[in-house]
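Hi,

Here is the structure I promised to pass on to you.

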Amino acid sequence: MRQKIEAVIFASEEAVPASFICQVLESGVSAAEVDDAVNALNAFYTQSGRAFRIESIAEGYRFMTIPALAPLLRKMLAPKIRRKLSQSVLEVLAVIAYQQPVSRSDIQHIRGVSPDYAVNKLLERGLIDVRGRAASVGKPLLYGTTKEFLDFFHLSSLKDLPKLREIRELARDKDIENFLMSSGDNHEQQGEYEKGYDN
């Protein structure tokens, strides 16, 4: 059973809920038994000195490397992340994550520039979705983060978002700074970010 559970989690490209694992196994396995199997697998990985563990992320399980290897992998993955999300898009995502549910006008009020490009980009990536409409005039759409957002940033829940004090500490880390550098999706978008920064 452990081998099958390990295979299901390993083969998935996103966090796998225990309920889905039970459904795939079709052998009357409970969510508690899946959790016990994951704990046993992690104990084996630790004992054998493996570079990875199975972590509980976004209401599911996913293979992740151990924290001690984060600096090494950050250097390797930084170019890929920069291609995925530019600095301006990350800023809009941060506003949504911490202020959700939030409208486009609210985001513009906070950043000082139109968030339309970034919001559309984030919707395309599945990192945010529509949460309803505000009760204010015009009933604008409200946006919030998705499970894909939690998975992308390796968070178990929104409660795991770093506090402002932690963000300030991270901002002093040169590796983190390089990790979040603007990818320059295009010159127009970069100009938008510079304008918002000046404000």
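This is a predicted model: local features need pLDDT of at least 70, side-chain atom pairs count only at pLDDT 80 or more; totals for chains, interfaces and linings use all residues.

Residues are numbered from 1 along each chain as its sequence is written, and side-chain values use heavy atoms, leaving out hydrogens and water.

Helices (H or I, at least four residues) and strands (E, at least two) are DSSP runs, numbered from the N terminus. Helix H3 covers residues 31-47. Its buried residues (under 20% relative accessible area, 1.4 Å probe, protein chains only; exposed is over 50%, partly exposed in between) are Val 34, Ala 37, Val 38, Leu 41, Asn 42 and Tyr 45. Down the axis of H3, they fall within an arc of 140° (using directions from the axis to the C-beta atoms), so they line one face of the helix. After H3 comes Gly 49, with a positive phi near 70°.

Strands E1 (residues 52-57) and E2 (residues 60-65) pair in the antiparallel sense over six bridges; pairing takes at least two bridges found by DSSP. Ser 56 has Tyr 61 in E2 as its bridge partner.

Now the rings: those of Phe, Tyr and Trp (its six-membered ring) pair if their centres lie within 6.5 Å, and planes under 30 degrees apart count as stacked, over 60 as edge-to-face and the rest as tilted. The whole structure has six aromatic pairs. One of them, Tyr 45 with Phe 52, is edge-to-face, at 5.0 Å centre to centre and 65° between the planes.

Enjoy exploring!

How values were computed: The expected span of a helix is 1.5 Å times one less than its number of residues.
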